[in-house]
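Here is a walk through one protein model with its ligand. Have the structure open and follow along.

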Amino acid sequence: GYGVTVPTLKLLDGRDIPTIALGTWLGNNTQGRVEPVGTEVEQAVKWAIDAGYRHIDTAFAYKIEDQVGRAVNAKIGGELKREDLFITTKLWNDAHALDAVVPALRESLRRLNLDYVDLYLIHWPVGQFSNLTYDYTDYVDTWKGMIEAKKQGLAKSIGVSNFNRQQIDRLIENGLETPAVLQVEINLNLQQPELLSYCKEKNIIVMGYTPFGSIFPSKAKSDAPPPRVDEPALVEIARKYEKTVPQVVLRYLVDIGVVPIPKSLTKSRIEQNVDIFDFSLTQQDRDLLKTYDKGYRTIPQLKWQSHPCYPFEKN
Ligand code: NDP
């Protein structure tokens, strides 16, 4: 069988987006390897599709689009069709010039061995050439390149990642189409209620990256607020539904309207993370989970603070 059935949300362009995606970023520490090698992501994507995931989140910068493509192409053609899957990838910071967007997407498609992606996102509003000097291209021009990519049918839907509200407003004020998706960090410690209500008002679907935030002690920095995965109040909620704490967290994010992007390379966790649609949290559970929102960001990308398009609060 094909595992769990994942519900969808409607994008403002009329297309459907599955409400959970598999993440494929291996992190900055790829066990000392400069370039990810091997087949671990390919295997994870295959397990994910078998478990019921229909949405895969990747990016040119993750350097594993080839693995995602091999898994997707191995799974489609029989009962499962290309149009049953939703593939998201992202434009890297070194291709922000208007005329660089379509060629960058073509390169991603070549690596993915696909004719189109379902969603193409500007990864960051910050431009930076490959020699690490800043590119001051206006992201409004980059967005025009994204619109051209959509017009050419290379991306069915287009959106942005790591943009703040003012930056999205500027795209709209320039008379350009509204991004269908905003992908930003969302987890228990960074719930971003104002940004979510802004996006709801504009009909923008929010994808939430790093959905587990700091709940795993192995990933939590020393200044990260609670909770951890063994927090008694969370363990109690999970026990009530015979679910795990990570499942409770993901279900909460779906409940607040977010498409979470849990990453795992572990078969049992991949299966566990998508198995969140056969129970529901009570208002009381959600009220408790809301109290963990501390405005704490795990990926502030402070190294780009001096760029005029840096999107987050500076420190
Ligand atoms: P996540 O919050 O998804 O955490 C991933 C970690 O959690 C891995 O170490 C994984 O381990 C572990 N894990 C996953 N599920 C479980 C579970 N059920 N129980 C215990 N441990 C678990 O972090 P990411 O930062 O990877 O974010 C997710 C995705 O979001 C990325 O992969 C990427 O696709 C996207 N992203 C986008 C960004 C952007 O700028 N747009 C920035 C950052 C992320 P293991 O793999 O060993 O199983």
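Predicted model: local features only at pLDDT ≥ 70, side-chain atom pairs only at ≥ 80, totals over all residues.

Which residues of helix H2 (residues 65-75) are buried?

The buried ones in H2 are Glu65, Gln67, Val68, Gly69, Ala71 and Val72. Buried here says that 20 or more other C-beta atoms lie within 10 Å of a residue's own; 12 or fewer makes it exposed, anything in between partly exposed, and the C-beta atoms are placed from the backbone. Helices (H or I, at least four residues) and strands (E, at least two) are DSSP runs, numbered from the N terminus.

Those buried H2 residues pack against helix H1 (40-51), strand E4 (55-57), strand E5 (86-91) and helix H3 (98-112). Just past H2, Gly77 has a positive phi of about 115°.

Residue numbers start from 1 along each chain as its sequence is written.

The protein chain averages a pLDDT of 96, and 97% of the residues score at least 70. pLDDT is the predictor's confidence in each residue, from 0 to 100. For the model, ipTM comes out at 0.99 and pTM at 0.98.

## The sheet

Now for the strands: 8 of them form an open sheet, in the order E3-E4-E5-E6-E9-E10-E11-E12, with parallel pairing. Two strands pair if DSSP finds at least two bridges between them. Strand E3 (22-23) and strand E12 (258-260) are at the edges with a single partner strand each, so one side of each has no neighbour in the sheet.

Ser161 stands opposite Gln183 in E10. Asn203 is 20 residues from Gln183 in sequence and 14 Å from it in space, C-alpha to C-alpha. Asn203 sits in the loop between helix H6 (193-201) and strand E11 (205-209), and it counts as exposed because it has 12 C-beta neighbours inside 10 Å.

## The nonpolar core

The largest nonpolar core has 83 residues, and Val45, Leu91, Tyr120 and Val206 have the most contacts inside it. Such a core is a set of buried Ala, Val, Leu, Ile, Met, Phe, Trp, Tyr and Cys residues joined through C-beta atoms within 7 Å. Helix H8 (residues 245-255) gives the most to this core, with 7 residues.

Contact is called when two C-beta atoms, placed from the backbone, lie within 7 Å.

## Around the ligand

Of the 24 residues around the ligand, Gly23, Trp25, Tyr209, Phe212 and Lys263 come nearest. A residue is near if its C-beta atom, placed from the backbone, lies within 6 Å of the molecule. Helix H9 (residues 267-274) gives the most to this shell, with 3 residues.

Pro226 and Pro227 are joined by a cis peptide bond, with omega about 10°. Pro227 is in the loop between E11 and helix H7 (232-240).

Leu132 is not a glycine, yet has a positive phi of about 75°. Leu132 counts as exposed because it has 9 C-beta neighbours inside 10 Å.
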